[in-house]
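Please look through the structure below with these notes beside you. The points are numbered so that each can be checked in turn.

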Amino acid sequence: MGIRFIGHKKKLVSDIVSIIDSTVEDGTQVGDFFTGTGSVAASLKNAGYSVVANDLLTHCCISARAQLRNPPQPEFEMLLEQVPAVQDAGNQFIQRSGYTQVLSYLNQLDGVEGFIYSTYSPGGTSNREEPRQYFTDENAKAIDACRQRIHRWHDQNYLSDDEHALLLYDLIRATNEVANTAGTYGAYLKSWYERAKEPLELTPAELPEGPLEHEIQQRDANELARETSLSAVYLDPPYTKRQYASYYHLPETIAKKENPSVSGKTGLPNWESKSSDYCHKRRASGQLDDLLSALDAEYVFLSYSDEGHITPDELNEILSEHGEVELHTFDHRRYKSNTEADSGDLTEALYVVQSTS
Ligand SMILES: C[S@@+](CC[C@H](N)C(=O)[O-])C[C@H]1O[C@@H](n2cnc3c(N)ncnc32)[C@H](O)[C@@H]1O
């Protein structure tokens, strides 16, 4: 089934951005402090805004950077000049550009028995009582080859930070397509899912048009709020106990240059330093209240689900202490893994808070 990002706003993004657009002035710099896949940030870019995108996790910052700071057709001039073999790679994509030449080259690399192979594939973990099978041996080797090459090119200064982020974003998206899981990297499936047997293939991302001047931060949102002043901020904090750092540990590892030490049946790296208080039922409301107190913004746009840790009544109470509150609701299909029964629709709310101070 590939990987789905819990609480992503892909289906709601046009509604969210049109509400932001009808509220704030053109040209405003907008914060997206829990950027996740970067879908809202990308759509804000497309609407002409400059964005401050932030997340606790490296791979989320990589996704945001890739979409925000690259033009729709990046040329990779430096890399093509330094590594002529990239130009010679036969192009598997119809449209030939610097970008697709680089992806063709990566797609043709010979596999490498690196960290992903030796930690997450059956061949690499055959000495374990239960070998891990997140990826087929071939795909794990292909992921290693691409990951090593992309990071090496960056170390050699053949890629800018933004191009490096884009290639990692493409690798992570390709990896998500062939992951043998039920929807997150929390565990792998015992039998092989059909799509997991397909070969890994990096494909060009659809990058939004729009300005290229954006800021990427990797901070705790509450800390960032204490140091930032923006006229509008979009907030999409986690609302369940699912910790993103553990559910998405594999993209996090791919995005980083160093390999973590891992343990247990699923090969989980130590993720506790990236644990979020928003995922704790007893801490979530205090965290949100603290964030809103720290923020210096005329408008706050908050996405939250009616099944989240903070109940709608509690949320109204907290928000109305910080300004005038307006509520928009959407029906949104709940995230579910394919091992869960269908649990129906849930309502997602967008609260708009206009500061009265
Ligand atoms: C609901 S998701 C955001 C989804 C995003 N809007 C999208 O469309 O993909 C919540 C995000 O908040 C991040 N996060 C959790 N706690 C955080 C914190 N204290 N500071 C910054 N980011 C945090 C998680 O890593 C996750 O990416």
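1. Leaving aside its neighbours within four places in sequence, Tyr105 is in contact (heavy atoms within 4.5 Å) with Ala85, Val86, Ala89, Arg149 and Trp153. With Arg149, the side chain of Tyr105 also makes a polar contact of 2.9 Å, a term for a pair of N or O atoms within 3.5 Å in which, within protein, one must be able to donate a hydrogen and the other to accept it, while residues adjacent in sequence count only if both atoms are side-chain atoms.

2. Please keep in mind that this is a predicted model, in which local features need pLDDT of at least 70 and side-chain atom pairs count only at pLDDT 80 or more, whereas totals for chains, interfaces and linings use all residues. Residues are numbered from 1 along each chain as its sequence is written, and side-chain values use heavy atoms, with hydrogens and water left out.

3. Tyr105 belongs to helix H6 (residues 98-107); helices here are DSSP runs of H or I with at least four residues, numbered from the N terminus. Is Tyr105 buried or exposed? Tyr105 counts as buried because its relative accessible area is 15%, where buried means under 20%, exposed over 50% and partly exposed in between, with a 1.4 Å probe and protein chains only.

4. Phe76 sits in the loop between helix H3 (58-69) and helix H4 (77-82) and is buried, because its relative accessibility is 0%. Asn157 sits in the loop between helix H8 (137-155) and helix H9 (161-177), and its relative accessible area of 56% is why Asn157 counts as exposed.

5. The largest pocket has a volume of about 720 Å³. Of the 34 residues that line this pocket, Ile3, Lys10, Tyr169, Arg173 and Asn176 are the closest to its centre. A pocket is an open set of points on a 1 Å grid over the protein atoms alone, where a 1.4 Å probe fits and protein lies on both sides within 12 Å along at least five of seven lines, and lining residues have an atom within 4 Å of a point. The volume is the space filled by probe spheres set on the points, which are joined across faces, edges and corners. H9 gives the most to this lining of the largest pocket, with six residues.

Methods
Helix = DSSP H or I, 4+ residues; strand = E, 2+ residues; numbered from the N terminus.
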